[in-house]
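Welcome, and thanks for taking a look at this structure. Below is a friendly briefing to read beside the sequence and the 3D view.

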Amino acid sequence: MKKQDYSNHIRFYAPHHFIYLPLLIILLGTGLWMSFASTDQQIIWILFSAVIFLLIYLAVMVRQHYALTLQDRLLRLEFKQRYFELFGKRSDDVENQLSFGQIAALRFAHDGEFRELLEMALADNTSPKEIKKAIKNWKPDYRRV
């Protein structure tokens with residue numbers, strides 16, 4: 001992958017983005033159009049459109065929710081692994097003292113900075129934003145959803 005930035009960080013899943021969602025949008029458009037064109041069955045077409053809209057909404061929200069939940073779990077596992085590699089012990093006690101935002105922010109720090117930023121986060125309850133600002137040698141995350 002070329003260097004990641006704002007303009008190229010989005011990924012598409014063809015069956016979802018180019019088949020399922022367009023089909024639902026076409027069905028929604030048809031339902032809305034028919035609700036105005038067919039006065040004798042207008043209520044049925046309005047209900048049809050409402051159901052299709054809910055399917056679109058659920059498809060987008062559930063997909064996003066699953067991806068973000070999985071990403072959160074992976075970031076926690078990455079933190080545990082990294083902590084173990086750097087300190088040679090389990091991270092359970094330390095992890096419980098940090099917010100998820102702090103754990104997520106620490107992933108951008110290289111190993112040398114990770115130790116000092118972790119200590120700062122534990123001692124001062126540093127916000128995720130401040131942790132990110134304190135990173136001098138940014139480690140990009142190219143695998144993020």
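K136 counts as exposed because its relative accessible area is 68%; here exposed means over 50%, buried means under 20%, and partly exposed lies in between, with a 1.4 Å probe and protein chains only. This is a predicted model, in which local features need pLDDT of at least 70 and side-chain atom pairs count only at pLDDT 80 or more, while totals for chains, interfaces and linings use all residues. Residues are numbered from 1 along each chain as its sequence is written, and side-chain values use heavy atoms, with hydrogens and water left out.

**The pair E116 and K136**

- K136 forms a salt bridge with E116, and the closest N and O atoms are 3.8 Å apart; a salt bridge is a side-chain nitrogen of Lys or Arg within 4 Å of a carboxyl oxygen of Asp or Glu.
- E116 lies in helix 5 (residues 111-124) and K136 in the segment after helix 6 (128-134), so the pair ties together parts that are 20 residues apart in sequence. Helices (H or I, at least four residues) are DSSP runs, numbered from the N terminus.
- E116 is partly exposed, because its relative accessible area is 45%.

- Side chains of opposite charge can pair when their charged atoms come close.
- The whole structure has eight salt bridges.
- K80 and D92 meet through their side chains in a salt bridge of 3.1 Å, N to O. This pair links distant parts of the chain, with K80 in helix 2 and D92 in helix 3 (residues 92-97), twelve residues apart.
- K80 also meets E95 in a salt bridge, at 2.8 Å from N to O. Since K80 lies in helix 2 and E95 in helix 3, the pair ties together parts that are 15 residues apart in sequence.
- A network of salt bridges links R76, K80, R90, D92 and E95.
- Which of these residues are buried, and which are partly exposed? E95 counts as buried because its relative accessibility is 9%. K80 is partly exposed at 29%, and D92 is partly exposed at 27%.

**A nonpolar patch on the surface**

- F53, L54, Y57, L58, V60, M61, V62 and Y66 form a nonpolar surface patch, and together they have about 780 Å² of accessible area.
- Patches are made of residues with over 30% relative accessible area and no salt bridge; like charges are joined within 9 Å and nonpolar side chains (Val, Leu, Ile, Met, Phe, Trp, Tyr) within 5 Å. Accessible areas come from the Shrake-Rupley method with a 1.4 Å probe, and for residues only the protein chains shown count as cover.
- L54, one of the patch residues, is in helix 2 (residues 42-87). Its relative accessibility is 48%, so L54 counts as partly exposed.

**The largest cavity**

- There is one cavity of 30 Å³ or more in the structure, and the largest cavity has a volume of about 30 Å³.
- On a 1 Å grid over the protein atoms alone, a cavity is a set of points where a 1.4 Å probe fits but cannot get out, while a pocket is an open set with protein on both sides within 12 Å along at least five of seven lines; lining residues have an atom within 4 Å of a point. Grid points are joined across faces, edges and corners, and a volume is the space filled by probe spheres set on the points.
- The lining of the largest cavity is made by L75, E78, F79, R82, I103, L106, R107 and F114.
- Which helix gives the most to this lining? Helix 2 does, with four residues. Helix 2 and helix 4 (100-106) each supply at least two.
- By class, this lining holds five nonpolar, no polar and three charged residues. Ala, Val, Leu, Ile, Met, Phe, Trp, Tyr, Cys and Pro count as nonpolar, Asp, Glu, Lys and Arg as charged, and the others, Gly among them, as polar.
- E78 is in helix 2, and E78 is partly exposed because its relative accessible area is 36%. E78 and I103 are 25 residues apart in sequence and 9.4 Å apart in space, C-alpha to C-alpha.

**The second largest pocket**

- The second largest pocket has a volume of about 330 Å³. It is lined by 14 residues, and L75, E78, D141, R143 and R144 are the closest to its centre.
- Its lining divides into seven nonpolar, one polar and six charged residues.
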